[in-house]
Amino acid sequence: MRQLTQAGQKVFEARYAGKDENGHINETFAEAVLRLARAAASAEKENLKTWEEKFSHIIGELLFVPSTPIWANVGKKDRPWQPGACFVLAVEDTLESMYDTLKDMALVFKSGGGVGFNFSAIRPRGDLVGTTKGQASGVVELIRLYDASADMVKQGGVRRGAIMGILNVDHPEIIDFIQAKNDGGLTNFNLSVGVTDAFMEALEKDLPWQLVFNGTVRRELPARRLWRIIIESAHSCGDPGVIFLDRLQSGNPVPENRINATNPCGEQPLSPGESCLLGSINLDRMSTFEGGLNKEILEETVTAAVRFLDNLIDVADYPLPAIAAATRATRKIGLGFTGLADALIKAGLAYDSAGGRELAGTITGLIRQAAHAASEKLAEEKGCFPLWDKSVFYPDRPRRNAACITIAPTGSVTTMAGCEGYGVEPIFAVAYTKTTNVAGDLEVFSPLFLEYIKDYNIPAETLAVIAEKGSCQGIEGIPEEVAGIFKGAREIAPIDHLLMQAAVQKHVDNAVSKTINLPEDASAEDIGACYKTAYELGLKGVTVFREGSKKGTVTVGRERA
Ligand code: UDP
């Protein structure tokens with residue numbers, strides 16, 4: 001069993017450990033590992049003990065880290081075993097549907113999940129309401145209502161409910177939607193415009209674009225003007241991002257259940273009612289400075305992790321019967337990784353180099369290959385997912401799971417696992433100031449950096465400069481090779497962030513959660529260029545973070561909030 005770091009233990013105790021009725025922790029990390037392993041093994045018909053040991057091994061050794069709702073819920077006596085982090089719900093153009101869905105959302109939040117919606121079915125603000133002859137309040141008002149409710153329901157006491165709101169680019173209320181966060185507020189929402197190939201073509205050819213509802217054209221404007229509004233808004237407040245609707249659908253393993261939305265952070269396209277559970281391979285734990293990545297351990301871990309996640313779908317207690325049915329019809333799992341940055345550093349490769357991207361792609365490809373093989377074997381043993389005969393895999397490729405690979409942000413589990421790089425992200429900074437209760441502000445170096453420079457004899461004064469700047473770029477006495485490998489997220493060019501996302505997305509069934517960092521002086525056109533490049537690179541969606549934009553900022557050299 002691995003010993004958690006101090007920060008890891010804190011996350012574990014605050015979010016995952018079992019607690020008695022007075023809120024006192026009554027579970028150790030080792031006991032929690034066993035709780036998860038046992039719950040997953042209980043889905044097996046035979047060899048329960050063997051599976052329990054296998055699952056305990058990969059989780060206890062931190063080779064595989066299940067995501068937050070699994071730790072917080074599964075196997076506990078006092079909670080429903082809800083393992084999903086990602087949900088998508090449908091909302092229709094009736095008052096009943098709007099409030100039914102609101103309630104469903106609250107239940108999902110309570111159980112620890114985040115929800116995505118596509119609001120395009122809702123009639124625009126000002127339209128007539130048939131029964132009352134009053135005026136419809138529209139999409140943005142509905143979003144405000146959902147946002148206020150999300151404030152009320154904390155996710156099972158673990159975290160706040162995150163929401164993805166999507167509106168299609170041809171909806172008549174699209175401009176208000178795009179600008180909905182410009183004056184602040186809607187803090188529980190990420191907004192994304194659902195962009196179609198037709199819109200991108202109209203933009204490219206500088207054609208007019210029609211806003212349509214129920215087949216009636218409400219307005220026409222140049223595509224380029226709408227695009228301008230999108231990128232100016234993203235420039236000022238970080239929202240909206242864009243998701244490429246035709247790509248979501250073309251990657252849909254069960255095409256007749258249309259996909260037009262993702263979960264809050266964008267990594268999981270789902271059709272309405274579906275949910276997905278996540279788990280991450282810890283690439284840091286299976287990499288060393290001497291030998292790089294251990295592929296054997298990687299494959300073994302992936303095989304066991306697929307079985308673990310798949311089993312949880314059987315023992316899960318979902319918040320609604322409709323969610324249980326939709327989730328079990330496709331049995332999607334979201335296996336991904338964290339600690340990519342750590343693995344690249346250990347391999348001596350810069351995040352923004354061709355070699356770094358190549359290794360990231362190779363690793364993701366290996367995970368996908370091993371996961372698909374595991375899902376195929378499970379199908380032979382336990383049967384294909386129920387909608388398999390309606391899927392793109394039918395009839396040649398038996399599969400237990402309609403999709404297997406997702407790269408999540410891994411915001412909490414990375415800290416628990418003790419990696420430096422979150423999900424697919426580069427390290428945040430090589431040095432930062434950490435505020436502690438006991439010792440005040442401490443200068444902290446990336447442990448990987450300290451390990452890496454051991455043989456370089458870098459003088460203490462140089463290290464002091466690095467600590468002060470929170471960066472090792474352009475500092476006398478730091479070899480170029482070292483500076484290249486230890487760039488923080490802000491020191492990597494936007495195009496290199498995008499190229500990394502694309503290198504990984506190529507091997508991912510679902511999608512990749514990634515932040516594209518931009519400097520404060522980046523223009524709206526720079527953001528537009530990122531969005532267009534994302535489209536050209538084949539990404540499913542993209543979001544940017546510009547330093548100093550209203551989305552909130554992180555001070556240089558400071559620990560990520
Ligand atoms: N999520 C959420 N609220 C949060 C953080 C995450 O609803 O505050 C959901 C959301 O769907 C997100 C997914 O959980 O995309 C995975 O997030 P992450 O990988 O950061 O979760 P972790 O397992 O590390 O807590």
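Glu525 is partly exposed, with a relative accessible area of 43%; buried here means under 20% relative accessible area, exposed over 50%, and partly exposed in between, with a 1.4 Å probe and protein chains only. Please note that this is a predicted model, in which local features need pLDDT of at least 70 and side-chain atom pairs count only at pLDDT 80 or more, while totals for chains, interfaces and linings use all residues. Residues are numbered from 1 along each chain as its sequence is written, and side-chain values use heavy atoms, with hydrogens and water left out.

With which residue does Glu525 form a salt bridge? The partner is Arg228, and the closest N and O atoms are 2.6 Å apart. A salt bridge is a side-chain nitrogen of Lys or Arg within 4 Å of a carboxyl oxygen of Asp or Glu. This pair links distant parts of the chain, since Glu525 lies in helix α20 (residues 524-536) and Arg228 in helix α9 (residues 223-237), 297 residues apart. Helices (H or I, at least four residues) and strands (E, at least two) are DSSP runs, numbered from the N terminus. Arg228 is also partly exposed, at 31% relative accessibility.

The whole structure holds 27 salt bridges. Among them, Lys454 and Glu451 meet at 3.1 Å, N to O. Lys454 counts as exposed at 54% relative accessibility, whereas Glu451 is partly exposed at 39%. A network of salt bridges links Glu44, Arg307, Glu381 and Lys382.

Let us return to helix α9. How do the axes of helix α8 (residues 197-204) and α9 cross? They come within 8 Å and cross at roughly 105°; axes are lines fitted to C-alpha atoms, for helices over the stretch in contact, and angles run from 0 to 180 degrees between N-to-C directions. The two helices are therefore roughly perpendicular to each other, a term for angles of 65 to 115 degrees. In contact, meaning heavy atoms within 4.5 Å, Phe199, Met200, Ala202 and Leu203 of α8 meet Ala223, Arg224, Leu226 and Trp227 of α9.

Finally, the strands. Strand β8 (residues 208-213) has a covered face, formed by Trp209, Leu211 and Phe213, and an uncovered one, formed by Pro208, Gln210 and Val212. In a regular strand, side chains alternate between the two faces of the sheet. β8 pairs with strand β9 (residues 216-222) in the antiparallel sense over six bridges; pairing requires that DSSP finds at least two bridges between the strands. Within β9, Leu221 is the bridge partner of Trp209.

Definitions and conventions. Angles under 35 degrees count as roughly parallel, over 145 as roughly antiparallel, 65 to 115 as roughly perpendicular and the rest as oblique.
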